[in-house]
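This report concerns a single protein model and the packing of its secondary structure elements. Please consult the sequence and the structure shown here while reading.

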Amino acid sequence: MELIQSFTVDHTRIVPGIFTSRVDYLGEYLVTTYDVRLKKPNREPVVDVAAMHSLEHIIATYLRNDPDWKDEVIYWGPMGCLTGFYIILKGGRPSKDIYELILKAFKSVDDVQEVPGTTPENCGNYLMHNLGMAKWYANEFAAYLEANAGNSAIFEYPKTERLVTDDGQHFFDS
């Protein structure tokens with residue numbers, strides 16, 4: 001079975017940042033999935049699950065209300081590994097082109113007084129939220145993005161090198 005594209009990223013070398021994960025055609029639309037990585041996988045603690053849930057609600061609400069971007073947003077959601085989020089947008093922009101959007105979205109968390117959509121009718125786990133920690137993680141990531149805006153490593157995935165045998169088996173380069 002062929003590895004999916006996100007499993008070809010060297011998770012031992014990735015840093016927090018905004019990366020193009022994949023580009024696809026869905027019907028007539030070109031769509032791009034971006035990896036918005038807040039934490040270094042397997043090297044630092046993941047985002048607290050309640051804070052991650054709150055960030056999902058807050059930033060999804062922000063993105064779907066941003067007048068310049070709301071019609072481009074298809075999806076915003078957390079990674080299962082709790083090191084970041086995926087955003088899917090219409091079009092095929094390079095990851096650098098959504099830097100300002102992502103920065104503004106994370107900075108907007110600081111202004112939120114209440115996590116949107118946190119009633120039993122609106123959310124499947126409405127009690128699992130932590131606004132204070134969500135603000136802490138959002139501020140940490142926004143400061144990191146600003147400090148590293150000129151660093152190409154926050155926009156380019158480190159790829160794994162693989163040896164491929166004649167029968168299609170993949171081996172990591174040691």
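## Setting of helix H2

The model is a predicted one. Helix H2 covers residues 99-108. Seven of its ten residues are buried, so H2 is largely enclosed by the rest of the structure. These buried residues are Tyr99, Leu101, Ile102, Leu103, Ala105, Phe106 and Ser108.

The buried residues of H2 pack against both helices and strands. The helical partners are H1 (49-63) and H3, while the strands are E1 (17-26), E2 (29-37), E3 (73-78) and E4 (84-90).

## Ala105 within H2

Ala105 belongs to H2 and has a relative accessible area of 1%. Because this value falls under 20%, Ala105 counts as buried. Apart from neighbours within four places in sequence, Ala105 is in contact with Ile59, Tyr62 and Leu63.

Ile58 lies 47 residues from Ala105 in sequence. In space, the C-alpha atoms of Ala105 and Ile58 are 8.7 Å apart.

## Packing of H2 against H3

Helix H3 comprises residues 131-147, and its axis comes within 8 Å of that of H2. The two axes cross at roughly 150 degrees. Since angles over 145 degrees count as roughly antiparallel, H2 and H3 are assigned to that class. The crossing is left-handed.

On the H2 side, the contact is made by Tyr99, Ile102, Leu103, Phe106 and Lys107. On the H3 side, the contact is made by Ala138, Phe141, Ala142, Leu145 and Glu146. The residues of this contact comprise eight nonpolar and two charged, with no polar ones.

## Cysteines

The number of disulfides in the model is zero. Cys81 is partly exposed, with a relative accessibility of 41%, whereas Cys123 is buried at 10%.

## Loop residues with positive phi

Most residues other than glycine have a negative phi.

Asn42, which is not a glycine, has a positive phi of about 65 degrees. Asn42 is located in the loop between E2 and H1 and is exposed, with a relative accessible area of 75%.

Leu82 also has a positive phi, near 65 degrees. This residue is placed in the loop between E3 and E4. With a relative accessible area of 22%, Leu82 is partly exposed.

Notes. Residues numbered from 1 in each chain as written. Predicted model: local features only at pLDDT ≥ 70, side-chain atom pairs only at ≥ 80, totals over all residues. Heavy atoms only, no water. Helix = DSSP H or I, 4+ residues; strand = E, 2+ residues; numbered from the N terminus. Buried < 20%, exposed > 50% of the residue type's maximum accessible area, 1.4 Å probe, protein only. Contact = heavy atoms within 4.5 Å. Disulfide = S-S within 2.5 Å. Axes fitted to C-alpha atoms, helices over the stretch in contact; angles between N-to-C directions. Parallel < 35°, antiparallel > 145°, perpendicular 65-115°, else oblique. Left-handed = near helix turned anticlockwise from the far one by under 90°. Nonpolar A, V, L, I, M, F, W, Y, C, P; charged D, E, K, R; others polar.
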